[in-house]
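Please keep the sequence and the model open while you go through this note.

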Amino acid sequence: MSTTLFRTIQPNHFTLLTTALLRTRTKTSRHISVRCQTSTTTQQPRTSAPKNHGSNKLDEILKDYEAVIGIETHVQLSTSTKAFCSCPNSYGSHPNTSICPVCMGLPGALPVLSSKVVDFGVRLGLALNCSLSLKSKFDRKQYFYPDLPKGYQISQFDVPIASGGYVDVDIPLEFGGGHRRFGITRVHMEEDAGKLLHSDAGDYSQAMIVDLNRAGVPLLEIVSEPDMRSGVEAAEYGSEMQRIVRYLGVSNGNMQEGSLRCDVNISIRPIGQAEFGTKVEIKNLNAFSAMSRAIDYEITRQALLYNQGQADKIVTETRLWDEGAQKTVTMRKKEGLADYRYFPEPDLPEVILTQEYVDSIRASLPELPEAKRRRYEAMGLGIQDVLFLANDVSVAEYFDEVIGKGADVKSAANWLMSDIAAYLKNEELSISDVKLTPHELAELIAAIKDETISGKIGKQILFELLAKGGTVQGMIKEKDLITDPVEIEKVIMKVISESPKQLEQYRSGKTKLQGFFAGQVMKMSKGKANPALLNKILLEKLNAKE
Amino acid sequence: MATRALLAVVTASPPRMIQIKASTFSSSLKFQRHITTLARSFSSDTNPSVLQPPDVSRLAETARISLTPSEIEECGAKIRQVIDWFGQLQQVDVSSVEPAIRAEMEGGNLREDAPETFENRESIRASIPSFDEVYLKVPKVLNKE
C-alpha cells in the first residue's frame, strides 16, 4: 500500500474557497468579497430587490437583507457503464445485479476510468465556459456509510477537470425578466454511492437496506459561485443546468429520477455588510419550484432570527426541505466539519487532455440554450416565445427545421406555442412522437399565407396531421376545397342576391361590408372556398354592377 | 495496521487556513500556478520538531479502529517516530522545483464505454453475510460521519 506523504487540507472541497467564512462567522473574507464584486459588476445593475413569488413579507425582508446563494449540482451521466468498471449503468434494474468486484470495493480490484466520462466532463466544462485543466487527478474522499462500499468516494479534490466558468440565464418575465450571469467555480468528476433505503419488511429490527446498482455510476459535480440572490434566480440557474445537460446529451437531467440533484447553500446579511452571514445547506429538493420555495422560507427564517437579535441561533448545518410542511427542518446537528482526509487516489493515473482533443470536442458542441435564445431574439421573436422555444432541445430542433424550410418565423412560433403545445400536453406526448413533420407544418403555414386555405381550415388540417400524419396537399384534396372560380362565383352571386340591403350599403360607401359578404360565402360553402379567389371575385362583383 | 494508522495520521493533520488568492482562473496555466502556490504552502513548512503530536484517539475514531488506553499510548509514540522520520524530507529545499501532481509519467489508460456483466455476481452476493435475497441489510444509520 503506498504511503503518500501529503498534508491535505482538512475541510471538504466545497469549503476550500470559503474555509475562512465557516470557521469564524464574523471574519471578513476579503478574497471572496472581491470575487463577488467582480461577478456582480458584469450583471445588469439592479435598481430594486430581486422579485419573488409576490410575497410581500419577503419583499419587506429583502429591503433590509441580502441573500447570498450558491448551488452544488450533481449530474448523473447517461453513459452505458459505470465510472470505474464496466458494469451497466441503467436505471431501474433489479437491485444488486449491476455489481462487480470493482464497484463493490472487494480486495484487489482496481478502478479504470471510462473515456466517456472524460468526454462528458470536457463537454460540460466547455459549455459552462470554464478553463479546462489539461492535467487533473482523482482523490479519495474518505468516510464510512452503508451505501459506500469502499469506505471512500473517488472524486477530484484540488485539481478538478474544469473551473472558472459562467452561465448566462434569462429570468422569466413573470419574475421581472432580465439577463443574469452566474459564475461557476468548478466542475469535477466523481462516482455515485449506492442507495440506502428503509426496509418495509415490518420487522422492528431497526434495519435498513442497500442497493449497490448505483454505486460507481459517474457523476459530474458543478459548484456555482455564490452569485444568486433569490429563490427565483436559483431556480433559473437550476433550470439552465438541466437545459444544458440535456442539450449536450450528457444526462437526462431528471430531478425526480435523481439524475439531477441540487443542494443549496444560503446565508443572509444586512444590506451593506461586506461579511457573509452563516451558511446553511438545504438538501432534499426534488423540483426547481421546491428549491425556490425552500430558499424563500429560509430567507424568512433567518431574517426573523436576525430581527429578534438571535442571529447566533443560525448555525452552520444541513437542513432538509419538508415538502409536506413547506419548511426546512434541521437534520441532526454534528459538531465541527466533516473530515474527509483527502489524498490522491493511488490507483488511478493522471487525467491528461491534449489541446487537439479539447478543440475537437469544442467543435462538436451543439448550439447551446443561450446562443439559441439570442439567435431567436435576433429573428424578431418576443422573449416569451424565445424562452418557450429554447427550453426543450427537441422543440427547438423542430422549430429550426420548420423555419429552415422557409416558413414564416412568427407563424411557426405561434403554431408551436399554442395549438401544438396544447395537443402535446393533452395527449402527454413529446414533440418527437408527433406525426406532423416539420416539412408539413411549413407547407401548412405557406398554404395559409398564400391564401390557398383559410386559417380555420388550417387548424382543422393541423389537428388531423398531428394525430394521423399525412400531407397538407392530401388534406386539401380530401377536404374537397373549392378552387374553381366558376363555382365560387356562383356562391358569391347567390349571397349577393340574398342580401340586397347590405349591397346597397356597400355601394353607398360602407366598403367594410366586404367582410360580411366574404363570411356569408364561406358559410354557404361550408368553409371550402379558396379565400384568395373568393376575395378577388367578390370585390369584382361588388364593384362591378351599376 | 501500522501503515493504515499512518495514513490516517498523515491525512488528518491539524487544520490550516489556506490563503486563496483571488486568481482569475482564466487559463489552465494560471490555475496550475495557483496549485503551485497551494502546494508550496504545504511543502515549505514548519520544521519537523514543531510538528503536532498525533491525536491518536481521534485518529482511531476516524479510522473506526478501537484502541485501549495503553494501546493509544504505545501507538502514539510509534506514530510520532514515523512522522519525525518522514519529517526529515522537509529539510530538502524544493523551492525551485515545479510540484508534480503525481509521481508517474504516463497518463491515460482509459476504458471504452461498453457494458459487461460480471459473471460471478452470485458469489459476491453469497459472500455477504447480511444479504437478504434482494438487498444488503445494514444497521440503521442516524447520521453521516
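1. Start with Asp139 of chain A, which stands opposite Pro344(A) in E15(A). Strands here are DSSP runs (E, at least two residues) and helices are runs of H or I with at least four residues, both numbered from the N terminus.

2. A note on the source. This is a predicted model, where local features need pLDDT of at least 70, side-chain atom pairs count only at pLDDT 80 or more, and totals for chains, interfaces and linings use all residues. Residues are numbered from 1 along each chain as its sequence is written, chains are lettered from A and ligands numbered from 1 in the order in which they are written, and side-chain values use heavy atoms, with hydrogens and water left out.

3. Now look at strand E7 (residues 179-191) of chain A. It is mostly covered, with 11 of its 13 residues buried. Buried means under 20% relative accessible area, exposed over 50%, and partly exposed in between (1.4 Å probe, protein chains only).

4. E7(A) has antiparallel pairings to check. Strand E6 (residues 162-170) of chain A pairs with E7(A) over 8 bridges. There, Val169(A) stands opposite Arg180(A). Strand E10 (residues 218-224) of chain A is joined to E7(A) by 7 bridges, again antiparallel. In that pairing Val187(A) faces Ile222(A) as its opposite residue.

5. UniProt, in an unreviewed entry, places the feature "domain: Asn/Gln amidotransferase" at residues 397-542 of chain A. Such annotations may be inferred rather than shown by experiment. Over residues 397-542 the chain is 72% helix and 0% strand, and the end C-alpha atoms lie 47 Å apart.

6. Chain B has 5 helices and 2 strands. From the N terminus on, the order is α-α-α-α-α-β-β. Of its 145 residues, 29% are buried.

7. Among chain B contacts (heavy atoms within 4.5 Å) between residues at least 6 apart in sequence, 68% join residues at least 24 apart.

Conventions
Two strands pair if DSSP finds at least two bridges between them.
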